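Hello,

Here is the model I promised to pass on, with a few notes below it. Have a look at it first, then read on.

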Amino acid sequence: MATTMPVRGRARLDTMPGPAARVSRPAVRGQLSRIGGAVSRTTATVLIVEDEFNIGKLVRTYLERDGYGVVWVRSGEDALVELERHAVDLIVLDVGLPGIDGFEVCRRVRAASQVPVIMLTARDEEADRVVGLELGADDYVPKPFSPRELVARVKAVLRRTRGQGARVDEPLVAGPVELRRDAREATLDGVALELTMKEFDLLACFLQNAGLALTRETLLEQVWGLEFPGGTRTVDQHVAQLRAKLDGALTIETLRGVGYKLVRP
Ligand code: CA
């Protein structure tokens, strides 16, 4: 159990590390950021997507040394899951991955967000760089690379993109409800909804899939990831809580024997 109050939008890194990812933050900063219950956004969180253990470990070490929070996953599929679970400021994305490759990950990320992406490409593969940049990657670093150079690129890309207001997601809107994943804020008629982290994620999932039938298993996977606390009854319980807080502003239909559906307003 977490001993501190969850901090809006950033809390999961401290309290809910997903089993698919190795989540770490610099210890000193982590403590500082909890003083007074407020979080300082001095540090950025980088998602590393790299299947090669030695490279992933090296990159993580250097980024942490420089004060970054790091989430490291080893496949494109895990990267997409983690992006739903964590607020991430930048992605270091290897092209050659098991399962879906880095290009496909980049394409899917870009379909939903402007989070900066640095691609790790094979040496001298100009085609890789061109494809990566066309897909919306912000920079590329050819392998083998010096970790110092990569950290420098991370800094440069963050500096460049932050000025442009990058990683601001489009708000999800349905009727009077508006939800911003980047700010971890949801409002009803402009008034803040007080949601727990899981209620927030559940609402985000419904809004993203408005009008679609969602099975309890899908909701479990999307909202709880690989941990299944209490199985599908957990979903029912959270849907009930969410309905109560929405106070009829949106209709979440129960589909008997299937799951739930957010009715488009
Ligand atoms: Ca690789």
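This is a predicted model: local features need pLDDT of at least 70, side-chain atom pairs count only at pLDDT 80 or more; totals for chains, interfaces and linings use all residues.

Residues are numbered from 1 along each chain as its sequence is written.

Helices (H or I, at least four residues) and strands (E, at least two) are DSSP runs, numbered from the N terminus. The chain has 10 helices and 13 strands. Of its 265 residues, 35% are buried (20 or more such C-beta atoms within 10 Å).

Back to α3: G56, V59, R60 and L63 are buried. Viewed down the helix axis, the buried residues of α3 fall within an arc of 100 degrees (taken from the directions from the axis to the C-beta atoms), so they line one face. After α3 comes G67, with a positive phi near 95 degrees.

The other part to look at is an open sheet of three strands in the order β11-β13-β12, with antiparallel pairing (strands pair if DSSP finds at least two bridges between them). β11 (213–215) and β12 (252–255) are at the edges with a single partner strand each, so one side of each has no neighbour in the sheet. Four bridges join β12 to the antiparallel β13 (residues 259–262), and L255 stands opposite G259 in β13.

Best wishes

Terms used. A residue is buried if 20 or more other C-beta atoms lie within 10 Å of its own, exposed if 12 or fewer, and partly exposed in between; C-beta atoms are placed from the backbone.
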